[in-house]
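Dear colleague,

Please find below the structure that I am handing over to you, together with its sequence. My findings follow directly after it.

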Amino acid sequence: KSNKDKYSFDHEIREILPNLFTNYFDEVWDILGEGLLGDSLTYIKMKFILESKNGNFHEEGGFQYIPEKDYEKIISWCRKHLPKAALRVAYLMPVSDIENNKVNWHKFSKRMIDEFGEIEGFLNELSANIGSFGFSGSVIPYYEENLALFELLTTHQKIEVRQWAEKMIEQTKKIILREKIDEEDRY
């Protein structure tokens, strides 16, 4: 057996999640949502199921299979279980989307930011989500995409989101500069 067969069930999850979320969303979300709110071990298991591949090369993890019509159900569920639910979803949700060769906030994540951006810890969880990624080659394009995302929030209606975006812009510009210097030294 390969390591993939021994240690990971990503491929099985990816095979069944589209069907489950498309045809049985309410039933599936009740179970997964309960797990997300559960104790640490249960949360980690649910996180693995929903986060699988999240943030790597524009893959959205399990949320990519949730029909857009069901986004409001998750947001309502988060409201009902504040703040824990919103924080945990912020860490797992898809971040970006590419439309017409331009990076933008994923529709779901933008809706979550609009709804919960002022909740204490929400933007920290979003930062952790954005900061968890794999890459090969230069990391600079990834940070440049993030920079473009943060710039889209500089005029957000919530001051907490605007302040966070400005802080993230400043940090990301420093990271890009450091990576450029490191790459010049390497190559």
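Phe21, Phe25, Trp29 and Trp77 make up one aromatic cluster in this predicted model. Phe25 and Trp29 are both buried. The count of aromatic pairs comes to seven.

Trp29 also features in the largest nonpolar core, which has 54 residues; Trp29, Trp105 and Phe122 touch the most other members. Helix α2 (residues 10-36) supplies the largest share of this core, namely eight residues. As a general point, nonpolar side chains in soluble globular proteins tend to be buried together.

Turning to Trp105, its contacts beyond the neighbours within four places in sequence include Val95, Ile113, Leu126, Ile130, Leu149, Phe150 and Trp164. Among the contacts of Trp105 there are also Ser96, Asp97 and Lys110.

Two further sites involve charged residues. Arg88 is placed over the face of Tyr43, 3.8 Å from the ring centre. Glu179 is located in helix α9 (residues 159-186). With a relative accessible area of 15%, Glu179 falls under the 20% cut-off and is therefore classed as buried. Apart from residues up to four places away in sequence, Glu179 touches Val139, Ile140 and Arg186.

With kind regards

Definitions and conventions: Residues are numbered from 1 along each chain as its sequence is written. This is a predicted model: local features need pLDDT of at least 70, side-chain atom pairs count only at pLDDT 80 or more; totals for chains, interfaces and linings use all residues. Side-chain values use heavy atoms; hydrogens and water are left out. A nonpolar core is a set of buried Ala, Val, Leu, Ile, Met, Phe, Trp, Tyr and Cys residues joined through side-chain atoms within 4.5 Å. Buried means under 20% relative accessible area, exposed over 50%, partly exposed in between (1.4 Å probe, protein chains only). Helices (H or I, at least four residues) and strands (E, at least two) are DSSP runs, numbered from the N terminus. Contact means heavy atoms within 4.5 Å. Rings of Phe, Tyr and Trp (its six-membered ring) pair if their centres lie within 6.5 Å; planes under 30 degrees apart count as stacked, over 60 as edge-to-face and the rest as tilted. A charge sits over a ring if NZ of Lys or CZ of Arg is within 6 Å of the ring centre and within 35 degrees of the ring normal.
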